[in-house]
Amino acid sequence: MSGTDGTRRSMILAETVNGLTPVLLAFSIFLTFRGHNAPGGGFAGGLVMAAAVILRYLASGPEAVRSLRIDPIVLIGAGLALAALVGTWPLLDGGEFLESSIWKFHPPLIGEMKLVSSSLFDIGVHVLVVGVVMAVLVAFVEADDEVARANAAREELRSNAGHDDASGDPGTTTSGGER
Amino acid sequence: MIPLLLAHLVAFLVCLAPGRRSARWALPVAAAVPAVTFGWLVSQSSSVLHGDVPSANLEWVPQLGLGISLRLDGFGLFMGLIVSGIGTLVMLYSTAYFGRRDDLGRLAGLLVGFAGAMLGIVWADGLLSLFVFWELTSITSFLLIGFEDRSATARSAAQRAFLVTGLGGLALLAGLILLGIQGGTTSLSELLANPPSGTVTSVALVLVLAGAFTKSAQFPFHFWLPGAMAAPTPVSAYLHSATMVKAGLVVVARFAPAFASVGPWRALVVSAGLASLVLGGFRAMRQQDAKLALAHGTVSQLGFMMVLLGLGTPGTTYAGVAMLLAHALFKATLFLSVGVVDHSAGTRDMRRLQGLARALPITAGIIVVASASMAAIPPTLGFVAKEKALDALLDTGLGAIGTVALVGIVAGSVLTVAYTIRIAVGLLGNDAPGVTVEDGARGGSGTGALLEAPVDPSGVHAPSLAFQGAPFVLAALSLVLGIAAEPVGHWLAEVTVSLDPATASKALHLWTGVNTPLVLSAGIITAGIASWWFTVAATRSVDAPYSTATRLYDRAYDSLLAGARQVTAVSQSGSLPLYIGVVLVSVGAALATALLAGSTDAISDVPWANSSLEVPLVALTALLALAVLGARQRFTAAVLLGGSGYMLAIVYLLQGAPDLAITQFLVETLTIVVFLLALARLPRDFHPAPSWAPRWIRIVVSVVVGLTVAGFALGTSQSRTAESVGDDYLALSEPEAGGRNVVNVILVDFRGFDTLGEITVLAVAGAGVVNLVRAARRQQRRKQLSDGLEVEERSGRPSEVWR
Amino acid sequence: MSFTQAALVAVLAGAGTYLVMHRTLTRIILGLGMLGNAVNLLILTAGSSPGNAPIVGEQAPVADPVPQALVLTSIVITFGVMSFLLSMAYRGWTIDGNDEVEDDITDRRLAEEPGEPVDHGEPT
């Protein structure tokens, strides 16, 4: 387990995860859509996608999460809004809250395709679950950053003040991962 | 009627709007609303008195009969005229009384708000409306008694009054609800037209009377009223003599014709009324503050009217309504006049007032007229009403209880005459002794030294005519209505018909010839004068003792607070594990009770296991779970919990729940990762923290909770009586929602609203995590920017953070 | 529901109870997870008999889908709550240096303080 303190990271793990990520993302979307007819669904799909994000974090460190440039709160809000909108939509049509609409298409080659409005609801659930897990992840990343910043500030103050006895800081060089 | 009540509400809000800023316009504006109400009532009076009863309804929950429902009958008209008429006069008087003050907006708002609530009480037809307006008057009364909010006396008195009348209000509510259920209606008029009877009704009536007694300051709840004199004098005149304290009487007057013969009604009203009459009279003899003496007199007079209205015979009801009018007129007059005296002479202490008859001739005349009405001396309205009351009591046809009421009222009336003379002489008399130290409980050990000298009459400044206008009008009415007894009596008969049709033939007379009531009256007045004469010296130096009832109340209040503190100390120990333990034990106890109460026969059908795979799987899951308890290291414990969760996923799969298995598997994985993230920084081993309870107690609690929960689960699984909706969902899933996985269809379609709620919970948890982080970051930044020194200080002991 | 399943519910609920009565926040969170598992299992097994997955087209007997739908969201919510508590425990630790739930000192002090006497004002 590594923090921001630069302990070694497995290159092999990082490469494996890089290769695995698209597979996991595709699988998570597959799970969500298939959920209407077979085991799966938005909760499961969202958890798989979240697992992919966490795997990247474990393999490549906080940069992997930061480089996504997504605020988890936006994901949470978007997911909740999508689910609520899907629920409200039938009201405009004179239907009931969360009433399902079924659209059938006949695209060439594939034959009949069916789209159910509640699949959109599941997508909302999916996005929200990803957001929640990412929020937790970001919380820990931020907390690590905070500790690092505090250390840096402390070091700076100490060097400015000319303290050179190290009696007070046996812990600053210790990595959390070694506990 | 509803627009009028709304006008009161609007005026209330408008007057409160300026807050602490000066609002001299507030009182005149507030006075306009009851004035308009008075005018409207006058315009309605002829049609109302001829039986045309306007009503108004604002529905809220019609299924339960809840809403605001009003009805203007004769008695409502009569009380409405008193409330709005005296309200207008009091508010005009207040402009002179208060002069320049910054909080007049608040005063005016509360007064007009009270007037609206009081009108609601007298017009209410719905039982709920009655209660709501009743409590509104309690609240406005509380705020007005505590108007001088810097004074501990006023705050304490306001709280006392509110608690007593508020608790009474709750009793009234309970009584009204019971009556509503018994009578099968929520309308007061329908209830009174077809009164229910029986034990429940008797209980309900006792509760209603408890409410009425608290509001009308009847023994043993009388003590809040003298305390309420901490309010400014116009407030006392309006709320605590003319109107609010009549609310209990209004309810009794409406109920008595229908319910007086049910259960203990008559015994209660007569005993409480007579006790208040006599006790109030004695107390009034011992006060030196004229306002307090009047307050005790009010308790006494309210007791008198309680007996009359509560007996419920046509004669006493009629006389009681006449007394209501007479009392409202003379008591408001006397309070307002005491306010004038207080303003002019600077004191209400009757030991210091002297020579005011000459210094304030108009006020003196007003006081004499109002006192005459109070003491029932002809030709005032008080005399006419008292004659009628004695006449009715002589002929109640109720046997012993009527006789007791008559004797009690004659005795109380002697006291009334005595204290009336005492107050009038105390206010206006020529020779005041001054307050000496040895009189006072507040004094020291001096012997007869003069503490406060009598007021010098030459220094008393005459009040403005506007100041005296309101008491003048009211006093004049006491006199004029007494002289015009015949038409007034005719009008009152039309009013009281709405209470009891049998009062239609009643009448008032100023002169009835020499008959028993007149002889009794003469005797009462003679005995009253004699009582005053023989006690004048003794009562001159007594100081008002701290009322026993108040002392008992205060002691009860103090011990309530002390008890609450002890309960809090025991129940709020501050230990989270203890709280959790208590919650879990309660859950266990509740489940065990349900189990013991239910039948256990069905459990014999339960199989040992559903499949051969189940037993080893469950054993492994349980072992992993138990291993968590023994784990010394955080990480080990988390991994063991995860292992137990993975096993549980397989249990779900065996049960036929692949969706759950997938979700459980993913969640366990993510949980372990999150634990990993958190635990990487936390100490490796659990710290052996001091425990709140010995280990064996915790083990016993855990075993008991585990067994009861499992027993409950078994019992529940065998208790199904209806078919599950699951079958319908299975059948409808594909045609209605176009999906074959029923679990998912339930989540996103059939019970989609539930899922929406559940993902909202998730969203809140996620947002909570994010904000936790952001708050910490802001804090950190602020600290770095502004408080470099503290960072340095903390850096001296980094080992605490990096242990 | 079978006795075996009931026994598992008993073990999970008992172990969860034991854990939440500790002072260490980590143990409390573990205990909450355990209690969550116990209740989820209870709802699922008490609410339906075992059977095939509730998917249209499966052969009878089919398990009741309703308790499954209830438990599914419950699992995810338990996860959300546990994550929230863990990040709180972590924050608390960076501030205090431990993850123990101390007794509330304010409660103790309130219990020991004598009450202030009430001012009833002047007698009336």
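Predicted model: local features only at pLDDT ≥ 70, side-chain atom pairs only at ≥ 80, totals over all residues.
Residues are numbered from 1 along each chain as its sequence is written, with chains lettered from A and ligands numbered from 1 in the order in which they are written.

Chains B and C meet through 110 residues of chain B and 89 residues of chain C, a contact being two residues whose C-beta atoms, placed from the backbone, lie within 7 Å. On the chain C side, helix 3 (65–96) gives the largest share, 24 residues; helices are DSSP runs of H or I, at least four residues, and strands are runs of E, at least two, numbered from the N terminus. That side splits into 51 nonpolar, 26 polar and 12 charged residues. Here Ala, Val, Leu, Ile, Met, Phe, Trp, Tyr, Cys and Pro count as nonpolar, Asp, Glu, Lys and Arg as charged, and the others, Gly among them, as polar.

Between chains A and C, each side puts in 10 residues. Helix 5 (residues 117–161) of chain A gives the most to the chain A side, with seven residues, and that side has 10 nonpolar, no polar and no charged residues.

In chain B, helix 6 (residues 152–183) is followed by G184(B), whose phi is positive, near 70°.

As for confidence, chain A has a mean pLDDT of 75, with 70% of its residues at 70 or more. Over residues 1–7 of chain A the pLDDT is below 50.

Definitions and conventions. pLDDT = per-residue confidence, 0-100.
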